[in-house]
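Let's take a walk through this protein together, from the overall build down to a few individual residues. Please have a look at the chain first.

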Amino acid sequence: MLIASFLSRLYFTISLLICAVSTAGAQNYFEVPAIEDTAQFKKGIARTAWLLTSAKQQNPVQVRILVYGQSISVQDWWKTVKEFVEKKFPLARITFINKAIGGFSAERLKLTVENDVISFYPDLVLFHDYGNEADYESIIRIIRSKTTAEIAVQTDHMALQNNEWHDRHNNGWITGICSKYKLALIDVRNIWKAYLKENKLEVKALLSDGVHLNAHGNYLMASIINQYFNFIDGAKATNLYVQTKTAGKDFVVKRNKLKMQVNGNRIDLVWKPHSGGTEKNLVYIDGKKPSAFGTCYYYTRPAFDTNSFFLKKIGQLLALKLTDKAKEEKWMMTVMWADSQRQQIGYSLTGSLTGPDGSGSSDSLFVSRSGKIIIEPAFWFRAKEFAAFPWLKPGDVLRWEVRSMCQDEALPEPSEPITVAQGLNNGKHQILLKGKGLKKLEAIKIYQPPLQ
């Protein structure tokens, strides 16, 4: 844990500021050793593999892939992997995004993971992070309890680190975590070692500093991960955590109503082909409109500029909690005072619909006057020792939006499933649908994360 903490501090500033070198270029690199054992990878991404390989011209299946972690995950290798996957599975409708945050080892990433991941609700997460193992496992548990996403864990590449600790961490602890939570394993580290040995290269030959990848390193990282994706042809259908209930077989619409017991935290409606229309169909979950559930909302990252990297200054807000009073709304936090010695700030909060909603300080629990927002002392970015980032100052303004992941009404939409509820508590719920358009309903998909 001490080693992980030291590495996190050592590379923090350069992690946040790093400008990754593109893997594209005229230089040719060595051939990457073949991966011999992909069994755990294939088993761990069985559903994603089925989605990618089952897509047809007339049925372009939607697949969501998320890259998550810290600075290594931000580097350009992921763009090469994205391009490879999109070309290999051209009939799938792939949404491939990156929400990794440079400098965010596990103790910080655990603050952002729930909001980041549940809002996107991926089918697959490509994950790599540093930091202590307890928080690392906490991130895994959050993803597995809040979504049905499969997780492909990348082991660490070779860097100028304490390699004895990293060997033990990767070959022992990470492989154990993959077995425990039924995750896919991408063995970057051992292939990296073989590549260095075969081509008589030193570790630093693939690095831009002590840990980050240069163009050669990006090439190797992308090549390793692409090999794994190249092995997922011919996957069989599997629905371990996503159930599909079919009209006529699993449910019947009577008098323009449908009532069903479900178990999970997300519900999608699938409409019959060519079933467009203007009939509004009302949705109720446990007797309430989906918009009444605070867990059906998420927030964009609090930022000075919502169109660029969100983290600019020390003292910023990293996370917050939404209550059942949450609504779609724009929010503004104004810094009233800042004390860099004590690493504290004072602020006021204003909502576009709520208006002035109270003031607080970063050292104490804050509950807004409306009861819509809760901010805990642990949710602030404290890193006084890193001089590369300035402190917040009075007058600075952070902005974010609260957005809904649910729908109270659903129109027939034949092109893709309609998510009517996402972010519910992972458990039993009763869904009630009302409307003339329900005769066009083909199926209902229910997503039940594997962990409670």
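## Surface and charge

Accessible areas here come from the Shrake-Rupley method with a 1.4 Å probe, and for residues only the protein chains shown count as cover. On that basis the chain has an accessible surface of about 20,000 Å², and carbon and sulfur atoms own 51% of this area. Please keep in mind that this is a predicted model: local features need pLDDT of at least 70, side-chain atom pairs count only at pLDDT 80 or more, and totals for chains, interfaces and linings use all residues. Residues are numbered from 1 along each chain as its sequence is written, and side-chain values use heavy atoms, with hydrogens and water left out.

For charges, Lys and Arg count as positive and Asp and Glu as negative, while His and the chain ends are not counted. Each charge is placed at NZ of Lys, CZ of Arg, CG of Asp or CD of Glu. The chain carries 58 positive and 43 negative charges, whose mean positions are 7 Å apart.

## Overall fold

The chain holds 11 helices and 19 strands; these are DSSP runs numbered from the N terminus, with helices being H or I of at least four residues and strands E of at least two. Its C-alpha trace spans about 75 × 60 × 40 Å along the principal axes.

How does the radius of gyration agree with that of a compact globule? For 452 residues a compact globule would come near 22 Å, and the chain, at 23 Å, agrees with this. The radius is taken over C-alpha atoms, and the globule rule is 2.2 Å times the number of residues to the power 0.38. Of the 452 residues, 54% count as buried (under 20% relative accessible area, with exposed over 50% and partly exposed in between, using a 1.4 Å probe and protein chains only). Among contacts (heavy atoms within 4.5 Å) with a separation of 6 or more, 79% involve residues 24 or more positions apart.

## Aromatic pairs

Rings of Phe, Tyr and Trp (its six-membered ring) pair if their centres lie within 6.5 Å; planes under 30 degrees apart count as stacked, over 60 as edge-to-face and the rest as tilted. This rule gives 12 aromatic pairs. In one of them, the ring centres of Tyr 347 and Trp 380 are 5.2 Å apart and the planes stand at 40°, so this pair is tilted. Tyr 347 belongs to strand 12 (residues 344-351) and Trp 380 to the loop between strand 15 (373-375) and strand 16 (397-404), so the pair ties together parts 33 residues apart in sequence.

Both Tyr 347 and Trp 380 are buried. Elsewhere, ring pairs link Phe 41, Tyr 228 and Phe 229 into a cluster.

## Residues in loops

Asp 76 sits in the loop between helix 5 (71-74) and helix 6 (77-88) and is buried, at 12% relative accessible area. Its C-alpha is 8.6 Å from that of Ala 222, although 146 residues separate Asp 76 and Ala 222 in sequence.

Is Arg 255 buried or exposed? At 82% relative accessibility, Arg 255 counts as exposed. Arg 255 lies in the loop between strand 6 (242-246) and strand 7 (257-271), and its phi is near 55°, a positive value in a residue other than glycine. Asp 286, in the loop between strand 8 (281-285) and strand 9 (297-299), also has a positive phi near 55°.
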